[in-house]
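Keep the coordinates open as you read.

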Amino acid sequence: MPEGHTLHRLARLHQKLFGRAPVVVSSPQGRFADGAAAVTGQVFKQADAWGKHLFHHYTGGHVVHIHLGLYGTFTEAPVPLGLPVGQVRMRIVGSEYGTDLRGPTVCEVIAEPEIADVVARLGPDPLRKDADPALAWKRISKSRRSIGALLMDQSVIAGVGNVYRSELLFRHQIDPYRPGTLMGQDEFDAMWTDLVELMKIGVRRGKIVVVRPEHDHGAPSYGPGRPRTYVYRRAGEACRVCGATVRTAELEARNLFWCPDCQV
């Protein structure tokens, strides 16, 4: 599932390609036909993101709300676009570029005031200037759930996925099974500061970068085109720092990765 930096990159890209001009919106697949009809021909005012949610704002108060889920993807290309390939839920065509959306979990038209309803279910987004980490700390410090589970809870922090979760805990040498009630505020503050910087790097570079330069050697990435990681998808391999065997287990239906010696 795409993590928060990907949605912020998409918001910036779509703002650059389509912002402040009318666009043609369609639904070749047909499942978004009514929504497309509501916004086609209108001016694409703005794109922004909160966590893993993307919002396209149009004149007239309409907003297209998108959540990519596990399989959603956007593909951009210069106009004229060719015939749709696959199940294209939404196609946007501007003056010079177009984009096709396939496989999202959510693609719906909502009114501007309804954005607040979506955001109310989310925690602070580290990539937003208005993020208040105190809200996340309040929820973590009062919870007996493990910090590994809490970091993946979008109502605690919006935008963190499995890669950032696993890598952030490793970078701060924190046992993912430690209850939130046993976290120190200094530890949380350091993690938040680090998370903000890591996700900003993700936005700038278009990829997750989590391994410090002094550890950026040895075993390759877990897959072609994937980021080099400390523990994520490295179960059974040697820790890049101490050499212990990286472990994995299922935590609240998601695979968790950690070093049993570094993270105590």
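Start with the record. An unreviewed UniProt entry lists residues 230-264 as "domain: FPG-type". The model itself is predicted. Over residues 230-264, the chain is 0% helix and 29% strand.

Cys239 is buried, at 5% relative accessibility. Its closest cysteine sulfur belongs to Cys262, 3.8 Å away. A disulfide needs the sulfur atoms within 2.5 Å, so this pair is too far apart for a bond. The whole structure holds zero disulfides. Elsewhere in the chain, Cys107 is also buried, with a relative accessible area of 13%.

Now turn to the sheets. One is open and has five strands, in the order E1-E3-E4-E5-E9. The pairing is antiparallel. Which strands stand at the edges? They are E1 (21-22) and E9 (106-111). Each has a single partner strand, so one side of each is left without a neighbour in the sheet. E1 is joined to E3 (residues 43-50) by two bridges, and these strands run antiparallel. Pro22 has Val43 of E3 as its bridge partner. Helix H1 (residues 4-18) packs on this sheet. H1 touches E1, E3 and E4 (53-58), and its direction makes about 170 degrees with that of E3.

Another open sheet has four strands, ordered E2-E7-E8-E6. Here too the pairing is antiparallel. E2 (24-26) and E6 (73-78) are the edge strands, each pairing on one side only. On average, neighbouring strands of this sheet are turned by 15 degrees against each other, direction ignored. Six bridges link E6 with E8 (residues 97-102) in the antiparallel sense. Pro78 has Tyr97 of E8 as its bridge partner.

Ile92 sits in strand E7 (residues 88-93). Is Ile92 buried or exposed? It is buried, because its relative accessible area is 0%, under the 20% cut-off. Leaving out residues up to four places away in sequence, Ile92 touches Phe18, Val23, Val24, Val25, Phe44, His56, Tyr58, Tyr97, Gly98 and Thr99. Arg144 is another matter. It is 52 residues from Ile92 in sequence and 45 Å away in space, C-alpha to C-alpha.

Next come the cores. In soluble globular proteins, nonpolar side chains tend to be buried together. The largest nonpolar core of this model has 37 residues. Ile140, Ile147, Ile157 and Tyr164 touch the most other members. The elements that give two or more residues to this core are helices H4 (133-141), H5 (147-150), H6 (162-171) and H7 (185-205). H7 gives the most, with eight residues.

What does Ile147 touch beyond four places in sequence? Its contacts are Ile140, Leu169, Ile174, Asp175, Pro176, Arg178, Gly180, Met183 and Met191. A second, separate core has 23 residues, including Val23, Phe44, Ile66 and Leu101. Two of these, Val23 and Phe44, are also among the contacts of Ile92.

Methods. Residues numbered from 1 in each chain as written. Predicted model: local features only at pLDDT ≥ 70, side-chain atom pairs only at ≥ 80, totals over all residues. Heavy atoms only, no water. Core = buried A, V, L, I, M, F, W, Y, C linked by side-chain atoms within 4.5 Å. Buried < 20%, exposed > 50% of the residue type's maximum accessible area, 1.4 Å probe, protein only. Contact = heavy atoms within 4.5 Å. UniProt positions renumbered as here; feature names shortened; annotations may be inferred. Pairing = 2+ DSSP bridges. Axes fitted to C-alpha atoms, helices over the stretch in contact; angles between N-to-C directions.
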